[in-house]
Amino acid sequence: MDEKNKKKILVVDDEITVCKSIRQAILSDDYEVDMALSGEEALKKDEDKQYDLIVTDLMMPGITGMDLLKSLKKKKPETNIIMITGYPTIKTAVESIKIGAFDYIPKPFTPAELRSLVFRSFKKSESLEKGEEAPLEIKMPSGLHFMIGHTWLRPEENNIAFVGVVFDFLQTVGEIIYLELPKINDSLNQGELCAKIIDDEKFSYRIWSPASGRVVEINKVLGKDYSLLKKDPYKQGWLFKLDLANWEEDRKGLLLSK
Amino acid sequence: MVIFKRFCRSFLNLPLRAKFILSFLAVICLGGILTLTFGTRLEHKTIFSLAQAKVRHDLASAWMVYNEKLNSLKDIIRLTSSRESLYSALKQDKEEILLKYLSRVREEFNLDILTLTDAQGKVFLRTTQPDIKGDDQSKDPLVKRALKNETVSSTQIIPRKELLKEGNELAERAYLEIIPTPKAAPQYEYYEEKGMMLKAASPLVDENGVVLAVLYGGILLNKSHEIVDRVKEIVYKGEKYKGREIGTATIFQHDLRISTNVKNVNGERAIGTRVSNEVSQAVLKEGKPWIDRAFVVNDWYITAYEPIKNVDMEIIGILYVGMLEKPYIDLRNEVMITFSGMAVLCVFLLLVLLFFIISSIINPLKRVVFATNKIAQGDLSHKIEINFQDEIGQLAQSFNQMTLDLKKANQKLIHWGKTLEKRVKERTRKLQEMQDYLIQSEKLASLGKMAAGVAHEINNPLTSILINAHLMLEKTGEKHPFFENISLVADETSRCSDIVKGMLEFSRQNPPKKSYVSMNEIIEHTIKLLENQVAFKDIQIIRKISSNMPQINLDKDKIKQVFWNLMINASEAMPRGGTLTISSNLSKDKKYIETSFEDDGVGIPEENINKLFDPFFTTKGVGTGLGLAVSYGIIKQHQGKIKVKSDAGQGSVFTILLPLTE
């Protein structure tokens, strides 16, 4: 791939070793990866070079990842930003989605995990550029709480809620060949892993739970037919039912569909 | 004053019944004594005035007898003097006939003297001593009046000279030796030779009324007891009281007893004794009658004295009557005794009545007191059975009500006490739990802060390692001799990441991710992970794991972490090798799965047991000191229990109880 078509990625982390490692993990023929060791540097570099994707650590001295996200989004709303988060900052990560981050990835992670995320982000940009629109029938119905580009949640009676994956996410994924769902009785935390998808390109995608709670039911139909997920993501394609544990708090991290 | 106060105090200390009885007794006795005193005095006065009235009346009777005697003498003398025969004999100067006739009259009428004088008052014929005549009697007050043609009678003192004229015998009768008498007026003479006589004189007149002669006669009263005995006979009818004459009468010549039936100690008539000075003064000097009790000779009498006067109204003696006082005294005493007896009987009856009245007051009170004591002893079920409606009845009702209220209040209190104890225990337990929780929370909070920092710091190197390991794996391929080593690095890095995640989760109190698993599998899996480690090289692991335990709902990763920690700890307690016994079975009450890790290592000193689960507590010099704290948190999250038993030098047992149902 020639230099011009190469995607420009900026990795931001205050620790050079980490920065280098991440750069190496995503470096490929298709990507040109730069590094910045602070939020300030990142902003400066972005001025010079319009990056297609910025991968930033959340917790940094000076301008934090969140600050960086906010100023980049302000300047150029279509910028793709992936947040790297430590476990203690998962709440902030969820919030970053609300503000406009494409996704986040908790430390430590494997190169493959990051690569699939990067891949997905470009896929999403591509589809946006192509002007692909979601078919009418799979537009998100109103009254759903959702993490942008991730999961949705539909509260039912008795504190029980349906959880599923939003179409935006699925659009960026190839043909699903494996779906790992939680087990009944598993406890989940908001923003943490609840399901994994592997597509035909062997990319593994991690799906974050929209809320905390206990899994009470699994969509067995989905286990037999993964295509339902893409065909009917908001109804028959639900993943599991959750017995909500901390809904009042969790809902603040979500948006409500109109 | 002090004594009075002491008396008051001891009186106030007496039982109520005694107080009542003493008070009433005092009132009754005071009343009784007053009544008795006034009654006795009144009775005495009444009896005495009655007696006085009687004695006054008796004196009148005595006077009647006395005057009757005097009048009869006067009649005898008048009738004799007016006899025709006497007149004719005198006319014819027949002296012998006169003497014979007059002597007969004198003897017939028991006269002591009967004498005839001529018209000049010279004695013409003296019947007692016919030879002595011619002496002048005209100076005699009676003869003097008779000479003036008047018939008179009177009591008269006759000198011894005149008595001797009538004969020695008469003079001797009048003679009396005066006996010294106590209470009498001072005595100046030792004898009395004058006599006292009832005397009457009457003239003999001719047809022209000219006095021819005077006839006079008399009865000597000295030692003649006719009058007094008659008085006694008539007035007192000879009544005797206990061998003594009730009534007595006396004629005094001046103050000397000359005729009496008062007896002296020898039982003889007490003539020759004298009247008391008091009476003598009143009667003889002042001429007043005397009526009072008096000591006569040797007994108390109720007496009446009145002066005897001669024809010239001069006081010459005393007439006396007396009643023995003893019958009256005895009567009075009898009345008094009866009265007193009745009073005593009344007091006794009153006391009996009082006793019952007081009892009817005291007994209910006693029941109240008894009930009070019962209550004081803590018996609140006691009830007073009093049904009447007086003050005590009301008291009893109030008391019962009070007792009931008290009982209710007490029960409430007891109930309170009981529940309070329970509540306090409950509260204390909760507080203890809270405190434990707080302490643990504080520890965990600091652990959390630390863990967050640590996680961030460790995550970065871990990220680098993980990425680089994976990149190496991608480059080398599976056939490369280092492939396995590098994948081990990658895997272990992931595990590190999981441990950090677990630590963070624990510090953030994240709910465990539970699922139903087999305890056996968890234990076996943990053993498998560890048994090939160097630390377990010399350690023999013995399994005592029950094969029929139900599946248990827990976060297997967390529990594995706990088991891991405990096993690592056990291995460190046995640096030179030993035996680790892992047992797991259903608890007796079938509510828990009980898993224990028993080593025979160095054991834990007692002072360290309480600190074991503190974050960062370590004795090993190596490690973080988080292992047991994290384990403790995980077990608590599972509502389980973790127990330690250790003897220094003998080894330790860590037992974990995990509930089958939440």
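This note sets out numbered points on a predicted model with chains A and B.

1. Basis of the model. The model is predicted, so local features require pLDDT of at least 70 and side-chain atom pairs count only at pLDDT 80 or more, while totals for chains, interfaces and linings use all residues. Residues are numbered from 1 along each chain as its sequence is written, chains are lettered from A and ligands numbered from 1 in the order in which they are written, and side-chain values use heavy atoms, with hydrogens and water left out.

2. Chain B overall. Chain B has 16 helices and 21 strands; helices (H or I, at least four residues) and strands (E, at least two) are DSSP runs numbered from the N terminus. Of its 662 residues, 43% are buried, where buried means under 20% relative accessible area, exposed over 50%, and partly exposed in between (1.4 Å probe, protein chains only). Among contacts in chain B with a separation of 6 or more, 66% are between residues 24 or more positions apart; contact means heavy atoms within 4.5 Å.

3. Interface extent. In the pairing of the two chains, 26 residues of chain A contact 29 residues of chain B. The two chains bury about 2300 Å² between them, with 56% of this on carbon and sulfur atoms; buried area is the accessible area (1.4 Å probe) that two parts lose on being put together, summed over both.

4. Between chain A and chain B the count is 1 salt bridge, a salt bridge being a side-chain nitrogen of Lys or Arg within 4 Å of a carboxyl oxygen of Asp or Glu. A:Arg115 pairs with B:Glu474 in a salt bridge, and the closest N and O atoms are 2.6 Å apart. On the chain A side, α1 (16-26) and α5 (111-130) each supply at least two residues that touch chain B. The most comes from α1(A), with 6 residues. By class, that side of chain A holds 11 nonpolar, 8 polar and 7 charged residues. Here Ala, Val, Leu, Ile, Met, Phe, Trp, Tyr, Cys and Pro count as nonpolar, Asp, Glu, Lys and Arg as charged, and the others, Gly among them, as polar.

5. Over all chains the structure holds 37 salt bridges. One of them joins B:Arg126 and B:Glu166 at 3.1 Å, N to O. This pair links distant parts of the chain: B:Arg126 lies in strand β2 (residues 123-126), and B:Glu166 lies in the loop between α6 (160-165) and α7 (168-174), 40 residues apart. Both B:Arg126 and B:Glu166 are buried. The two also belong to a network of salt bridges that links B:Arg126, B:Asp135, B:Glu162, B:Lys165 and B:Glu166.

6. Partly exposed salt bridges in chain B. B:Arg160 and B:Glu172 meet in a salt bridge at 3.4 Å, N to O. B:Arg160 is in helix α6 and B:Glu172 in helix α7, 12 residues apart. B:Arg160 is partly exposed at 22% relative accessibility, and B:Glu172 is partly exposed at 44%. B:Glu150 forms a salt bridge with B:Arg145, with the closest N and O atoms 4.0 Å apart. B:Glu150 is partly exposed at 34%, as is B:Arg145 at 30%.

7. Cysteines. The whole structure contains 0 disulfides over all chains, a disulfide being a pair of cysteine sulfur atoms within 2.5 Å. A:Cys19 is buried at 0% relative accessible area, whereas B:Cys346 is partly exposed at 43%.
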